[in-house]
Amino acid sequence: MIKSMTGFGRAEYSDGKRNIIVEIKAVNHKYSELYVRIPRRYSFAEEHIKNAVKEYASRGKIDISVVVDNLTDDDVTVKLNTAIVKQYIGCLSQLREEYGLAGDIDLQFVSSLPDVMKTAPDVEDEEEILKGFLVPVREAAAGLDRMRALEGDRLSEDLIMRGRLILNMVDEIEKNAPLVAENYRIKLGERINELLSGKNVVPEERIAAEVALFADKCNITEEIVRLRSHCRQLEEIIEKSTGPCGKKLDFLVQEMNREANTICSKANFLEITNTALDVKSEIDKIREQVQNIE
């Protein structure tokens, strides 16, 4: 069973103290990249969230959004940064004395300065908060996984269909392969007769030797065997895979394209070349689809 790298999952959860909404979006990517957007005060949970999502998706670019709506203030502590306050007051007093400035340093002004007071989750509640986060994270990741699996089923059907179509084309190429040497023998004989205009006769064994040499150069038996094998491997990987196989399929498609290119360059026969070009067209379509497989 193969899976797509594209999908979406969403889940909501309330633990009585906060409502948590998690959305996960995934697109295809060569490697695994996870990005978490979460309120700064809960940043301690970021790596745990990533690890939970990785249990469901091992490859792709994945964006995880966590929105938290607090229903109570039980998990929040407001802290005064006394060191910062002392520095602010000291600097303001120095500014007033050195430049003879008027004005009082009052509570309202000092409390509005950056970093004087901060809100933070209670340290002793981090484990409880994390448990609450992981519930919707895993539920959203499971939804993402289901969507990726469904898309993977559709990709499987398309890839298997195209692989079998290529196999039919390979059969056609194999049927025409013996005609390459015979076609060359006929054209060579016609060309020789045209040049000599019947004045001389070229020994039949000389023509046969030339045809044999040409046939050896244009032999595509190995390429046909390998291409047919690759097509069968493609279907086998898709049907029997139990984990990520996108990179394996990508390599296999490259090998398929290599064999098709060699057939095109060696065949020297219009019918075979045209069929091989059709094969390359189908391989390109397979390659595009494989780029989205985990």
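**Notebook: surface patch and sheet**

I looked up Val-78 first: Val-78 is exposed, with a relative accessible area of 55%. For burial I took under 20% relative accessible area as buried, over 50% as exposed and the range in between as partly exposed, with a 1.4 Å probe and protein chains only.

The model is predicted, so I kept its limits in mind: local features need pLDDT of at least 70, side-chain atom pairs count only at pLDDT 80 or more, and totals for chains, interfaces and linings use all residues. Residues are numbered from 1 along each chain as its sequence is written, and side-chain values use heavy atoms, with hydrogens and water left out.

**Patch.** I found Val-78 in strand 5 (residues 76-80). Val-78, Leu-80 and Met-117 form a nonpolar surface patch with about 310 Å² of accessible area together. Patch residues have over 30% relative accessible area and no salt bridge; like charges are joined within 9 Å, nonpolar side chains (Val, Leu, Ile, Met, Phe, Trp, Tyr) within 5 Å. A salt bridge is a side-chain nitrogen of Lys or Arg within 4 Å of a carboxyl oxygen of Asp or Glu. Areas are by Shrake-Rupley with a 1.4 Å probe, and for residues only the protein chains shown count as cover.

**Whole chain.** I noted nine helices and six strands. These are DSSP runs numbered from the N terminus: helices are H or I with at least four residues, strands E with at least two. Of the 294 residues, 38% are buried. The accessible surface is about 17400 Å², and carbon and sulfur atoms hold 51% of it.

I traced an open, mixed sheet of four strands in the order 1-2-4-3. Strand 1 and strand 3 (32-37) are at the edges with a single partner strand each, so one side of each has no neighbour in the sheet. Neighbouring strands are turned by 10° against each other on average, direction ignored. Pairing takes at least two DSSP bridges between two strands.

I then checked strand 1 (residues 7-14) against strand 2 (residues 18-27): they run antiparallel and are joined by eight bridges. In strand 2, Ile-21 is the bridge partner of Glu-12, and Ile-20 that of Tyr-13. Three residues lie between the strands of this hairpin, where Gly-16 takes a positive phi near 95°.

**Helices on the sheet.** I saw helix 1 (residues 46-54) pack on the sheet, touching strand 2, strand 3 and strand 4 (60-70), at about 135° to strand 3. Helix 4 (residues 126-176) lies across strand 1, strand 2 and strand 4, at about 150° to strand 1. Contact means heavy atoms within 4.5 Å. Axes are lines fitted to C-alpha atoms, for helices over the stretch in contact, and angles run from 0 to 180 degrees between N-to-C directions.
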